[in-house]
Amino acid sequence: MLLRRVIPCLDVKDGRVVKGVRFVDLTDEGDPPTLAERHARNGADEIVFLDISAAPEARGTLLDVVERTAKRVFVPLTVGGGVRSATEMRDVLRAGADKVAVNTAAIRDPSLLTTCARTFGRQCVVISVDARAVPGDAERWEVVVQGGREATGLDAIEWIRRAVKLGAGEVLLTSIDRDGTGSGFDLALLRAASAAVDVPIVASGGAGTPGDMVAAITEGNADAVLAASIFHRDIHSIATVKDALAAAGVPVRRTNGLAA
Amino acid sequence: MTRSGLVVVDYGAGNLVSIRNALELLGGTPSIATTSDDIARASVIVVPGVGASGPAMERMERQGLADPIRDAVHDGAWYVGICLGMQLLFERSDEDGAQMLALLEGDVVAIADAPRLPHIGWNQLEVQRPHVVMGGVADGAPAYFVHSYVARPADASIVITETEHGSRFPSIVVSDRVIGYQFHPERSGSDGLQLLRNMLDLTGLAPGTDSPWSETQALSASVG
């Protein structure tokens, strides 16, 4: 039986983890491999690095981060943020990433998804979609970029359907309305996306409690749940989330806590 | 030529870094094989790989590696196939009609009745036949899968574990000196590392007592 994944997401800027990191017992709090290792030990089923560096010269730093992480963390590693070409995708995969998430670049040039899927296989091509509810329409969402500052005019569900047809093997779906609010996932958005395509949906944006994670899976039909701040700030542990999922009858991977 | 040592075959089909890192952590000394000479020297040939079988076989043929790999296995070398590397062991794939290494009888087909494809995520290894490859790993232990196609071996007795995703398929096969993992042991946390350790033991490549490797070292690594 396929188990549901719990995925911590680390925002990386210029080679450092930023935003809401409050681990006290780490010598180097912002070191991405150190934090990734900690999450893996605590039962993370996968690690996502989202590179939010503005400067192009930070790419080399990101590759170094991926390389160092892949030497210490033996769970899957997904890297997103600023990947614009098949060459850049190859570099990230060669550094040790298992999957690469593309967002804006695929909107600008949808054929990028096909090129990457043909070259590396669709299983490592993740389409990352930031969606915002269309006011006054409960069942429509628009794709936004630049952290929600820029609208694209694309219907989110249509775009997801097209991206999967073009080659994406997984969807990382973020509700921009809920992101950072801790008010729960946009379950209607998750349900709509899940019904539209056959590939796995990773729910993102809005996780505040373990109950939100349960709802994303049992009501939103998501295959995996992603969260950032609740894990980084130690508000809830991955184990607590998995306990809640298991109690709700959702199959999860339990780790022994020793080397896990 | 005497064969010794472990190679990871680089035929342009995916991530070599993770498997290399994992084997090094366990005290193995993998080198990367890109030529037929590299294959001819190896006693254990690890074939990783993701993606489609057709293009992968084409690259392998173009690089002149397919026949040397077949010869090596007939010559007594171990073949360790991971994900696509396991599928390539069989004769033919439905994915694109590719003719493959044909070291094992059987074909490769899409997962039947899968609720979602690709099959991405952690799923369970259900033991069908006890074998040392699963030593120290519990029946039902989760492993990380990323694939849409699966092997359908002609000989059911080579199936060590099965996994279910809409239908059941072999997740570990062992036949003589051939081992196939449909999942990624190098991405399957502590159980995955234990499987690789078993593989090194079985193939005679486990590090000796004078090696710098130690149990403590391996356990101290963060392995999910």
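Two residues are taken to be in contact if their C-beta atoms, placed from the backbone, lie within 7 Å. The structure described here is a predicted model. On that criterion, and not counting residues up to four places away in sequence, B:Val127 touches B:Met134, B:Asp139 and B:Thr161. B:Val127 belongs to strand β8 of chain B. The residue counts as partly exposed because B:Val127 has 17 C-beta neighbours inside 10 Å, where 20 or more would be required for a buried residue and 12 or fewer for an exposed one. From B:Val127 to B:Ala138, 11 residues apart in sequence, the C-alpha to C-alpha separation is 8.8 Å.

Strand β8 is part of an open sheet of eight strands in chain B, with the order β2-β1-β3-β4-β13-β12-β11-β8. The pairing in this sheet is mixed. Its edge strands are β2 (31-33) and β8 (126-127), each of which pairs on one side only.

Several loop residues of chain B were examined individually. B:Cys83 is located in the loop between β4 (78-82) and α5. Its phi is positive, at about 55 degrees, although B:Cys83 is not a glycine. B:Cys83 is classed as buried because 29 other C-beta atoms lie within 10 Å. A positive phi of about 55 degrees is also assigned to B:Asp113, likewise not a glycine. B:Asp113 sits in the loop between β6 and β7 of chain B. With 8 C-beta neighbours inside 10 Å, B:Asp113 is therefore classed as exposed. The loop between β6 (106-110) and β7 (119-124) of chain B also holds B:Pro118. The peptide bond that joins B:Leu117 and B:Pro118 is cis, with omega about -5 degrees.

B:Phe90 occupies the loop between α5 (84-87) and β5 (92-93) of chain B. This residue has 25 C-beta neighbours inside 10 Å and so counts as buried. Leaving aside neighbours within four places in sequence, the contacts of B:Phe90 are B:Met100, B:Leu104, B:Gly106, B:Asp107, B:Val108 and B:Ala151. The C-alpha atom of B:Phe90 is separated by 8.4 Å from that of B:Arg152, a residue 62 places away along the chain.

In chain A, strand β11 (residues 224-227) was examined together with its partners. A:Ala224 and A:Leu226 point one way from this strand, A:Val225 and A:Ala227 point the other way, and all are buried. Strand β1 (residues 5-13) of chain A pairs with β11(A) in the parallel sense over four bridges, and A:Arg5 has A:Ala224 as its bridge partner. The pairing of strand β10 (residues 201-204) of chain A with β11(A) is parallel as well, over two bridges. Here the bridge partner of A:Val202 in β11(A) is A:Ala224. Together with helix α8 (residues 210-218), β10(A) and β11(A) make a right-handed β-α-β unit.

Two packed helices are described by the angle between their axes and the distance between the axes. For helix α6 (residues 156-166) and helix α7 (residues 187-196) of chain A, the axes come within 9 Å and cross at roughly 35 degrees. The crossing of α6(A) and α7(A) is right-handed. On the α6(A) side the contact is made by A:Ile157, A:Ile160 and A:Arg161, and on the α7(A) side by A:Ala192, A:Ala193 and A:Ala196. By class, the residues of this contact comprise five nonpolar, no polar and one charged.

The contact between the chains takes 38 residues from chain A and 35 residues from chain B. On the side of chain A that touches chain B, the elements giving two or more residues are α1 (32-41) and α3 (86-94). Helix α1(A) supplies the largest share of this side, three residues. The side of chain A that touches chain B is made up of 20 nonpolar, five polar and 13 charged residues.

Notes. Residues numbered from 1 in each chain as written. Chains lettered and ligands numbered in written order. Predicted model: local features only at pLDDT ≥ 70, side-chain atom pairs only at ≥ 80, totals over all residues. Pairing = 2+ DSSP bridges. Right-handed = clockwise from strand over helix to strand, strands pointing away. Nonpolar A, V, L, I, M, F, W, Y, C, P; charged D, E, K, R; others polar. Axes fitted to C-alpha atoms, helices over the stretch in contact; angles between N-to-C directions. Left-handed = near helix turned anticlockwise from the far one by under 90°.
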